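Dear colleague,

Please find below the structure that I am handing over to you. My notes on what was found in it follow.

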Amino acid sequence: MNNGQRYEPLAVPRRVILGPGPSSANPRVLRAMSLPIIGYLDPAFFELLDDLGGMLGEIFKTNQRAFAVAGAGSAGMEAGLVSLAVPGDTVIICSYGYFCERQIIMAERLGFNVVPLRTEWGKSMEPQVLADALKQHPDTQLVVGIHAETSAGTIQPIEEFSRLAHESGALFMTDVVTSLAGCELEFDAWDLDYAYSGSQKCLAAPPGISPVALSERALEYIRNRPTPPSSWYLDLSLIADYWGPDHIAHHTAPVSMIYGLREAVGMALNETLETRWERHEANAAALRAGLDALNLELPVSESDRLDQLTVVKLPKGVDDIKLRTQLLDEYSIEVGRGLGQFAGKVIRIGLMGESCVPANVFALLNALEKTLPEHGFEVANGAAMAAASAQLAKKPSPIYSA
Ligand SMILES: Cc1ncc(COP(=O)(O)O)c(C=O)c1O
């Protein structure tokens with residue numbers, strides 16, 4: 001009975017989300033998002049912004065500016081690019097994956113003189129490549145390098161990139177969409193100028209808001225640049241002013257998203273960052289032990305790989321779409337597809353934030369063990385679960401009691 005209403009309440013399937021993002025959101029975060037709306041200029045909301053700014057500072061490990069851009073991680077990306085260089089400026093973009101290519105597209109649209117440094121996907125970029133490019137382009141205004149490339153499953157030496165950029169007098173901007181709260185990140189100690197993230201990965205909140213950190217040096221640059229950023233909405237100095245002590249009005253803030261972000265960040269700080277990083281490490285190690293036991297190939301070398309996202313090469317003859325569809329239909333497990341040059345060749349398994357627990361490792365290994373033989377790839381029965389168990393016995397996952 002629908003009481004004559006045209007629309008019943010919305011229903012969605014319950015999934016185990018083990019893709020590259022979003023990951024699941026904790027119920028405490030979802031509850032916070034259902035709190036009553038208050039005004040974005042209400043003193044009670046300013047108090048929340050002040051608290052959250054400090055909490056984000058702890059997450060980014062910075063005593064400089066930490067706040068959030070209203071929009072997806074890509075809004076944080078575009079805000080950095082539009083704010084930190086002016087049209088015609090030389091901008092070096094280190095490129096080793098799909099999201100680096102997105103930065104190049106944005107930077108070209110903004111009219112920068114873009115110098116892409118393309119290196120092999122699936123590997124960490126040698127800092128020497130950047131050092132050489134900076135020698136060739138000593139007038140570079142901005143260097144951009146992603147910390148954790150989710151499309152390729154790699155971690156990158158951004159501390160070194162930042163040092164080289166500064167030696168050459170450039171600013172350094174990074175993408176920590178997948179790394180924030182999932183592995184070591186030190187905004188101040190690594191002397192970064194701008195880092196943007198997403199709420200939907202290791203922070204375990206829904207997608208739609210981009211936590212960021214900004215150095216005083218970068219803020220100073222934006223305030224004094226010859227022309228203001230061409231986007232008013234994404235001008236980082238205006239957003240920083242709304243989050244700053246004077247709370248100067250900007251656009252209407254996404255109140256419920258900010259409640260959710262506050263709750264998610266609070267939970268991450270309750271767990272402690274170090275324990276959260278350890279949880280990501282332990283579960284990724286267990287997953288990889290299980291995948292090895294299934295004889296699946298991991299194309300990224302141990303030193304270059306991310307814990308949050310594991311790239312798995314599809315065995316010969318296994319169809320990407322059919323495998324992922326079966327996992328979704330029969331096990332309600334989502335894993336990610338390959339993007340760009342990895343499309344159709346790999347699947348990507350995310351263990352991030354809320355989704356990063358041993359139960360999910362076992363659920364996925366069990367599902368792969370059952371499904372792969374149906375796709376013509378024989379596996380040893382029980383070997384993956386045993387290998388993951390043995391690995392967790394060696395390096396247990398800290399209990400996640402949100
Ligand atoms: C490394 C990286 N950067 C940027 C993005 C874009 O974030 P969003 O989809 O929230 O715009 C993603 C999304 O997966 C990502 O993994």
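What is the volume of the largest pocket? The largest pocket has a volume of about 500 Å³. On a 1 Å grid over the protein atoms alone, a pocket is an open set of points where a 1.4 Å probe fits, with protein on both sides within 12 Å along at least five of seven lines, and lining residues have an atom within 4 Å of a point. Grid points are joined across faces, edges and corners, and the volume is the space filled by probe spheres set on them.

This is a predicted model, in which local features need pLDDT of at least 70 and side-chain atom pairs pLDDT 80 or more, while totals for chains, interfaces and linings use all residues. Residues are numbered from 1 along each chain as its sequence is written, and side-chain values use heavy atoms, without hydrogens and water.

Domain 1 (27–270) and domain 2 (272–394) each give at least three residues to the lining, with bounds from an automatic or database assignment.

The second largest pocket holds about 390 Å³. Pro20, Gly21, Phe99, Arg102 and Lys201 lie nearest its centre, among 26 lining residues.

Yours sincerely
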